[in-house]
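Visitor: Please pick one part of this structure and go through it closely, atom by atom where that helps. I would like to know what surrounds it and where in the chain those surroundings come from.

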Amino acid sequence: MIGTLIRLRVNGRDVAARPGTMLLQACRENGIDIPTLCSDPRLKPASSCRLCEVEVAGRERSPCACATPVEEGMEVATHTPALEDFRRAMLTHLAERIPGEDPARLAGKPFRKLLDAYGVEPSGTRKPEAKQPEHPYLDVDLSWCVACGRCVRICDEVQGQNIWTFTGRGADLALAPGLSPGLRESACVSCGACADTCPTGAIEDVSRLAAGLPERWVRTTCPYCGTGCEMEVGVKGGRITEARPVFASPVSRGHLCVKGRYGWGFSDAPDRITEPLIRRNGVWEPATWDEALAAAASALQQARRAGGPSAVGVLASSRSTNEENYLTQKFARLALGTNNVDCCARVCHAPSAAGLGQTFGTGAATNSYADIERAGLLMVVGANPTENHPIVGARIRQRARAGVPLIVIDPRRTELADLATIHLAPRPGTNLPLLQAMASLILGEGLTDPAFLAARTEGLEAYAASLREWTPERVGALCGIEPEAIRRAARLYATTGPAMIFHGLGVTEQRQGTDGVAALAHLALLTGNVGIPGAGVNPLRGQNNVQGSAQMGCEPSRLTGYQKLAQSREIHAQVWGAELPEEPGLNALEMIDAAGEGRLKALLVIGYDPLLSHPGARETAENLNGLEALIVVDLFLTETAKAFGTVFLPAASPFEKEGTYMNGERRVQRVRQVVPPKGGSRTDMAILAALAERLGAGQPFRHPDAAAVWDEARQVWPAIAGISHGRLDQEGGLQWPCPAEDHPGTPVLHAGGFPGGRAAFRPLGWTPSLEVTNGEFPFLLNTGRSLFHFNAATMTGRTRNRELRADDELELHPDDAAELGLSAGDPVHVQSRHGAFTLRTRPTDRVRRGEPFATFHAVAAYVNLATGPGRDTVTGTPEYKVTAVNLRATGDAKVM
Ligand SMILES: Nc1nc2c(c(=O)[nH]1)N[C@H]1C(S)=C(S)[C@@H](COP(=O)(O)OP(=O)(O)OC[C@H]3O[C@@H](n4cnc5c(=O)[nH]c(N)nc54)[C@H](O)[C@@H]3O)O[C@H]1N2
Ligand SMILES: Nc1nc2c(c(=O)[nH]1)N[C@H]1C(S)=C(S)[C@@H](COP(=O)(O)OP(=O)(O)OC[C@H]3O[C@@H](n4cnc5c(=O)[nH]c(N)nc54)[C@H](O)[C@@H]3O)O[C@H]1N2
Ligand code: SF4
Ligand code: SF4
Ligand SMILES: [Mo]
């Protein structure tokens, strides 16, 4: 809502401003630039540098424009001789502190521009003691510090880490007390926000100091997680030299995490494969594109001749663009004639799509990240956003710090759990009873929203009846939680609206993943927390484009738009001008099972490393070994490629192509080519088109560019019909449903109604995990991620992130560690019923006794050797979060 504009006069000119804006911003928007040093639009005004002082008629003192709200009829002078003299004097004083040597450090910085504008030169000298210890990404030399305080404030107000502080009389910047001497050893998360805001380069990117200012910038979307932060990527001499956050991004709002900000180095890694390879007599040999494509096509044809179209399959990449995923499933269906196509949503959030789909009618996040600031309560279930979706995590942390109630449900005491009003720590695998008990209490105590239930839901009676058995006492014993804590959490969630749920893999990667998600959706329905801002159920989707991959149709029983095969086959056939295969396909895990049984003979794997990331690696290996051909399209020789690849087709990196990604809040955003494909690599789009030509099915894949592919997808999926590349370029990202070019997109789903009319409650039975502890396997192993590495670490492992956290570790309760004779860094052998691995020990009371946690990133650890065959009963998603194991000290030397 924009109220009436406020009119004021600035320098004798009439100016209009929105109510509530500060003078500094109002002037800027009207083309009047007031000098400032301590102001940053991401931060609350501090009025500490005083450079933005202006004269206001009728006021005795000159106020700072950054902290003075506009008023009707105000008369302002911004550049009087007195003000300008004052500014020059202030800048001269500051310039005396800044070294005159090494002018490159100041080049392009806001402070340099101010000095130039006022004709002042730095005249200080460098203080050797001001140079801080080395950090892989941040170079800190406080000789250049002008004590503007922006680093202190951004680390507090945006990232929430509070690393910096002023000492003495406010002029000396230092690490906050209690933090160890170096930035690297402190709690700093290397988000780079302090370097980004620093106006003098006192805190600066190592890469900027090495390469200098970029020659050009390209705006694109981060290639790592489903948060979907936008970034400006700097290029110099044809290479990427840095990445900076985009202020105007609705998702990241001028912030990035360490992966987006500094994790781009993989695309120039020395071991990136940029020419095709064919394996001959067990050895990878270089090949031309002609030879490699011919080999790949003939292998696919041979497999089809031998076993029919169901003998071939495709694993799509949720790291690739929407356009490439649209082409991937079209390729499987038209060029290969099979519905055997799936993506890593299978091992990730397929249960979210299923559970939300069953209940609400649409299987995607109901609300937007912007609702974090609108919610009256936040509930985070089985997700660790400060590490895995750090921009979302930082925003949740800021709300909790501001007093918004936060409930965290996680067996581990995550960073957010430290800030939570209530932290419930269920035994891994017991979400369902816990959520059922909460629902039962809400119904029993009359804390529901009866009007919402009557008008917008069905099936309540049977559901309510099914809940009676779930008393807090019974559930408390099952989950290892005090019954009273369950009561408090249920009451708090139901009575503090609007209440917004975020959930992660702690809910989905379970034998009862889909039902766990449905249980959350039921809680939201009971309390009327659907269809309104600041509420809903919101899966924190994993890879940059996993939402897009599934929505584009990389699913064995769904087509583009996640529409069921049977329902949308006709429209697809019409647009494609060809018939689609009838038989539903196999999912990602079933394809690999089928390979072991000889039913699947050839597999095309695009940007996905199943040998490392699927559960039960030994069995995965045995099964993949049954394939006659395995064609890998990737940037690197993945574990899958190394062990079983027969043809390797080198893919262009996410910075080397055009297209779009879809983030976890249904927002479609542009991906832009920053640099050309490296060496002989080609985009996934070009590779699929060339392969289709070789298979004699080239015509449906001859699109001039990514925009043309997207336009075709718009024809088969009405919810994106209004989103074009052109619109995205002009307006920024748009959230589907967006059915028409003049539609603004949909930040909140189900505001007007559910796709099926009413939302559907259903009784949810209890299917406990098959992973049972006993004397032989007394521990329940939980697995997941850490901040600095991403999944198979194929990309982050090739950046200096590995210096920030080198290895996977086993988090183990100190008492368990002591009992096993393990100290920090000792190798511990982890044995399950399915396999074993060895990691070093990290004793921590963030996990409970009996419930160790391992990160699964590195090949060295191979955590998935031990995970088991349990799968979600609806979607087949693996039960990565629960494995019964035995632990023992190996007695080997420390592996530090
Ligand atoms: N830094 C980083 N970021 C990433 C990734 C990465 O590898 N590194 N990967 C991306 C991908 S693909 C994904 S899918 C997302 C995943 O993001 P998250 O869903 O946050 O991932 P995890 O760390 O696997 O698991 C989340 C939490 O589930 C908890 N949990 C385990 N069992 C249970 C249970 O029974 N009940 C409950 N309530 N909680 C349980 C774990 O303790 C853990 O804290 O992250 C994405 N972002
Ligand atoms: N124990 C355990 N195992 C797990 C999980 C867990 O929590 N615990 N989580 C599971 C989850 S949620 C997921 S999503 C999986 C992730 O498992 P994977 O999908 O295997 O992991 P990524 O590291 O994301 O691998 C993606 C590959 O894509 C390549 N790539 C990147 N961009 C592009 C591109 O544009 N084009 C092409 N062609 N290739 C590209 C990268 O080089 C990399 O090799 O792991 C699963 N495994
Ligand atoms: S990099 Fe981020 S976390 Fe570290 S000190 Fe700077 S702002 Fe704080
Ligand atoms: S939060 Fe995710 S999308 Fe944003 S910068 Fe970090 S990895 Fe990239
Ligand atoms: Mo994922």
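**The surroundings of ligand 1**

Guide: In this predicted model, a polar side-chain atom of Gln-510 lies 2.9 Å from an oxygen atom of ligand 1. That is a polar contact, meaning a pair of N or O atoms within 3.5 Å. Gly-429 contributes through its backbone: one of its N or O atoms there is 2.7 Å from an oxygen atom of ligand 1.

Residues are numbered from 1 along each chain as its sequence is written, chains are lettered from A and ligands numbered from 1 in the order in which they are written. Local features need pLDDT of at least 70 and side-chain atom pairs count only at pLDDT 80 or more, while totals for chains, interfaces and linings use all residues; side-chain values use heavy atoms, with hydrogens and water left out.

The shell around ligand 1 holds 33 residues (each with a heavy atom within 4 Å of the ligand). Asp-410, Gly-429, Asn-431, His-789 and Asn-791 come nearest. By class, the shell has nine nonpolar, 18 polar and six charged residues. Here Ala, Val, Leu, Ile, Met, Phe, Trp, Tyr, Cys and Pro count as nonpolar, Asp, Glu, Lys and Arg as charged, and the others, Gly among them, as polar.

Where does the shell come from in the chain? Helix H11 (385–388), helix H19 (505–508) and strand E31 (779–784) each supply at least two of its residues. Helices (at least four residues) and strands (at least two) are DSSP runs, numbered from the N terminus.

Ligand 1 lies between domain 3 (350–539) and domain 4 (779–889), because both give residues to its shell. The domain assignment, automatic or from a database, also gives domain 1 (2–79) and domain 2 (278–347 + 546–633 + 667–701). The centres of domain 1 and domain 3, taken over C-alpha atoms, are 44 Å apart.

Another ligand can be set beside this one. The shell around ligand 3 divides into nine nonpolar, three polar and no charged residues. Among the residues surrounding ligand 3 are Cys-155, Cys-188, Cys-191 and Cys-194, along with Leu-138, Ile-163 and Trp-164.

Note on methods. Polar contact = N/O pair within 3.5 Å; in protein donor to acceptor, adjacent residues only side chain to side chain.
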